[in-house]
Amino acid sequence: MHIAGNVQTLTPLQRELTEVAATLGRERFAPRAERHDREASFPFENYDDLREAGLLKICVPREQGGLGADFATYVMVAAEIGRHCGATALSYNMHVCSTLWAGVIADALEMTPAQRADHEANRAVHFERIARHGKIYSQPFSEGGAAAAGKAPWGTLAHPVDGGYRVTGRKIFASLAGAADYYGVLCTVDRPGATQRDALYLAVPADAPGVTVTGDWDPLGMRGTVSRTLVFDDVYVPASERLMPEGLYWQAALRFPHMFATLSPTYMGIAQAAYDFTVAYLRAEVPGMPKVLRRMYPTKQVAVAEMRIRLEQTRALFLQNARDAAVDPDKDTRMRLYAAHYTIMENAQALAALAIRTCGGQSLLKSLPLERLYRDSRCGSLMLPWTAELCVDRLGRECLYEAGERDEAIE
Ligand SMILES: Cc1cc2nc3c(=O)[nH]c(=O)nc-3n(C[C@H](O)[C@H](O)[C@H](O)COP(=O)(O)OP(=O)(O)OC[C@H]3O[C@@H](n4cnc5c(N)ncnc54)[C@H](O)[C@@H]3O)c2cc1C
C-alpha cells in the first residue's frame with residue numbers, strides 16, 4: 001500500500017522519491033532499527049544511505065544542486081522513512097527543515113532587497129555544504145521554558161559583535177546532538193528590549209569552541225534520535241551562518257504555519273507501520289514467527305477494519321495538509337492544519353495500541369517492531385510548538401473567537 005494513497009495522483013518526483021525511500025527503509029533502515037533502539041545510538045549508516053541516495057538534499061533547490069522537492073513531496077518521503085524507522089525519520093526532519101525553511105518558505109516571505117541579497121548569499125553556503133559535501137544540520141530549539149511553545153523570547157542569546165554573534169544558551173532534547181555538523185539554533189538577538197520578533201535562526205558549527213553536548217539519553221521512545229542537551233558558551237558564530245535574516249523566523253511562524261507540521265509525517269509512517277504489522281501478523285507472514293493463522297476470526301477482522309478506517313482518516317488529513325501548505329493560509333486552512341497535526345500524532349499512538357491488542361502478547365517481543373512502534377508513537381504528541389494540548393488549545397480558541405475579539409475574565 002502506498003503511504004501517499006493513490007499513486008496516480010502523485011507527481012513523477014513524488015513517485016520516484018517515495019520509491020527510493022521505501023527501498024532504503026525496507027532494506028536498510030528497518031533491519032537496523034532494533035539495534036539503534038536498544039542502544040539508543042544514532043543511525044549514522046542510515047545517514048550515509050540517505051546521503052548516497054541524494055535524500056539529504058531533497059529540499060535544496062535544483063539550481064543549487066538539490067532535488068528541489070516541495071513541501072508535499074518532502075512529507076510523503078518522510079512518512080515512508082517513518083514507516084521503517086521512526087527515529088531516523090524524526091531526526092531527518094530536523095535536517096531537511098533547515099533547507100525547507102531557508103528555501104521555499106523563506107522565498108514566500110517579505111524581505112527588503114538588502115535582506116534578500118544577504119539571505120541568498122548565506123543560504124548558498126548552507127545549500128552547498130549539504131548538496132556537495134553531504135553535511136548534516138539539526139534544529140535544536142527547545143529550552144524547557146515557554147519559548148518553544150511560541151509564548152516567550154528564546155533564552156539563548158546571540159550578542160552582536162564585529163562580523164557575527166557570540167551565542168550563549170542551552171538547548172534540551174536536541175535531536176542529532178553529537179551527530180550533526182551544524183546546529184540550527186533559534187536565539188534572540190541580544191539587544192535592549194528584545195522581544196519574540198528579534199528571533200534569529202543561526203547555524204552553529206558543531207566543532208566551534210564553546211559548544212558541548214551533555215547529559216544522558218535513555219528515553220521511552222525515539223531513542224535513535226539521540227536528543228541530548230547542547231550548551232553554547234560564548235560561541236562565536238559569523239553572520240554568514242544565518243539561516244534566515246534577523247526577525248524572519250517570527251514572520252515565518254505567523255505566515256507559514258505549515259512549517260511546524262513537518263513533525264507529523266514521521267508519525268503518519270508509524271501509523272502505517274502499525275497497520276502493516278497487524279495485517280502481516282494475522283496472515284502469519286511475520287518473518288521468524290510460527291505460521292499460525294489468525295485472520296479467520298471475526299474479532300480480528302473487525303479489529304483490522306477499525307484500524308484501516310482510522311488509518312485512512314489519518315492519511316486523508318495528512319495528504320490534505322501536505323497539499324494545503326502555502327503562505328498566509330486562511331483561518332479554516334489553519335484550523336484544519338491543527339486538526340490534522342493533532343489527528344496524526346494521536347492516531348499513530350491509538351493505532352499502535354490497537355495493533356498490540358489485536359495481535360496479542362507474542363507481538364510484544366523486542367525482536368519484533370511493534371513494541372518499538374508503540375513507544376515511538378507516544379512521543380509525537382509531545383513535540384513543541386504543536387503538542388496535542390497546544391493544538392487543542394489553539395483550535396478551541398479560534399473556533400470561538402475572531403481576530404480582535406476578547407471577553408472580560410469572569411471571576
Ligand atoms: C524524541 C524527541 C525528540 C525531540 N527533538 C527535538 C529537536 O530536535 N529539537 C527541539 O527543539 N526539540 C526537540 N524535542 C523537544 C520537544 O519539541 C519538546 O520541546 C519537549 O518534548 C518539551 O518538553 P516538555 O514536555 O517537558 O515541555 P514543557 O514545556 O514542560 O511542556 C509540557 C506540556 O505543557 C504544555 N505547554 C507547554 N508550554 C505551554 C504554554 N506556554 N501554554 C500552554 N501549555 C503549554 C504542552 O502541551 C507541553 O507538551 C524532542 C522531543 C522528543 C520527545
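A: The model is a predicted one. Alanine 284 has 13 other C-beta atoms within 10 Å, so it is partly exposed. It sits in the loop between H7 and helix H8 (298-324). Most residues other than glycine have a negative phi, and most peptide bonds are trans.

Two packed helices are described by the angle between their axes and the distance between the axes. For H3 and helix H7 (residues 265-282), the angle is about 45 degrees and the axes are 7 Å apart. The pair is therefore oblique. H3 and H7 cross in a right-handed sense. On the H3 side the contact is made by Val75, Ala78, Ala79, Glu80, Ile81, Gly82 and Arg83. H7 contributes Pro265, Thr266, Tyr267, Met268, Gly269, Ile270, Gln272 and Ala273. By class, the residues of this contact are nine nonpolar, four polar and two charged.

H3 also packs against H1. Helix H1 (residues 12-39) and helix H3 (residues 71-84) have their axes 7 Å apart and an angle of about 20 degrees between them. That angle is under 35 degrees, so H1 is roughly parallel to H3. The crossing of H1 and H3 is right-handed. From H1 the contact takes Leu13, Gln14, Leu17, Thr18, Ala21, Ala22, Gly25, Arg26, Phe29, Ala30 and Ala33. These meet Thr73, Met76, Val77, Glu80, Ile81, Arg83 and His84 of H3. The contact of H1 with H3 has 10 nonpolar, five polar and three charged residues. Glu80, Ile81 and Arg83 of H3 are in the contact with H1, and Glu80, Ile81 and Arg83 are also in the contact with H7.

Proline 369 lies in the loop between H9 and H10. It is buried, because 23 other C-beta atoms lie within 10 Å. Beyond its neighbours within four places in sequence, proline 369 is in contact with Ala33, Ala273 and Phe277. Ala33 is one of the H1 residues that meet H3, and Ala273 is one of the H7 residues in the contact with H3. The C-alpha atoms of proline 369 and alanine 30 are separated by 8.6 Å, although the two are 339 residues apart along the chain.

H1 has a further partner in H2. The angle between H1 and H2 is about 165 degrees, with their axes 10 Å apart. This makes H1 roughly antiparallel to H2. H1 and H2 also have a right-handed crossing. Leu24, Arg28, Phe29 and Arg32 in H1 meet Glu45, Asn46 and Asp49 in H2. The classes in the contact of H1 with H2 are two nonpolar, one polar and four charged. Phe29 of H1 takes part here, and Phe29 is also among the H1 residues that meet H3.

Aspartate 48 lies in helix H2 (residues 44-52). Aspartate 48 is partly exposed, since 13 other C-beta atoms lie within 10 Å. Its C-alpha atom is separated by 8.8 Å from that of glycine 134, 86 residues apart along the chain.

Leu248, Tyr249 and Ala252 are buried in helix H6 (residues 248-255). These residues cover an arc of only 100 degrees around the axis, so they lie on the same side of H6. They pack against helix H4 (86-107), strand E4 (182-189) and strand E5 (199-205).

Two further loops deserve a note on backbone geometry. Aspartate 328 is in the loop between H8 and helix H9 (331-359). Phi of aspartate 328 is positive, about 50 degrees, although the residue is not a glycine. Aspartate 328 is exposed, because 12 other C-beta atoms lie within 10 Å. Proline 385 is in the loop between helix H10 (370-378) and helix H11 (388-400). The peptide bond that joins leucine 384 and proline 385 is cis, with omega about 10 degrees.

Note on methods: Residues numbered from 1 in each chain as written. Predicted model: local features only at pLDDT ≥ 70, side-chain atom pairs only at ≥ 80, totals over all residues. Axes fitted to C-alpha atoms, helices over the stretch in contact; angles between N-to-C directions. Helix = DSSP H or I, 4+ residues; strand = E, 2+ residues; numbered from the N terminus. Parallel < 35°, antiparallel > 145°, perpendicular 65-115°, else oblique. Left-handed = near helix turned anticlockwise from the far one by under 90°. Contact = placed C-beta atoms within 7 Å. Nonpolar A, V, L, I, M, F, W, Y, C, P; charged D, E, K, R; others polar. Buried ≥ 20, exposed ≤ 12 C-beta atoms within 10 Å, placed from the backbone. Arc of directions from axis to C-beta.
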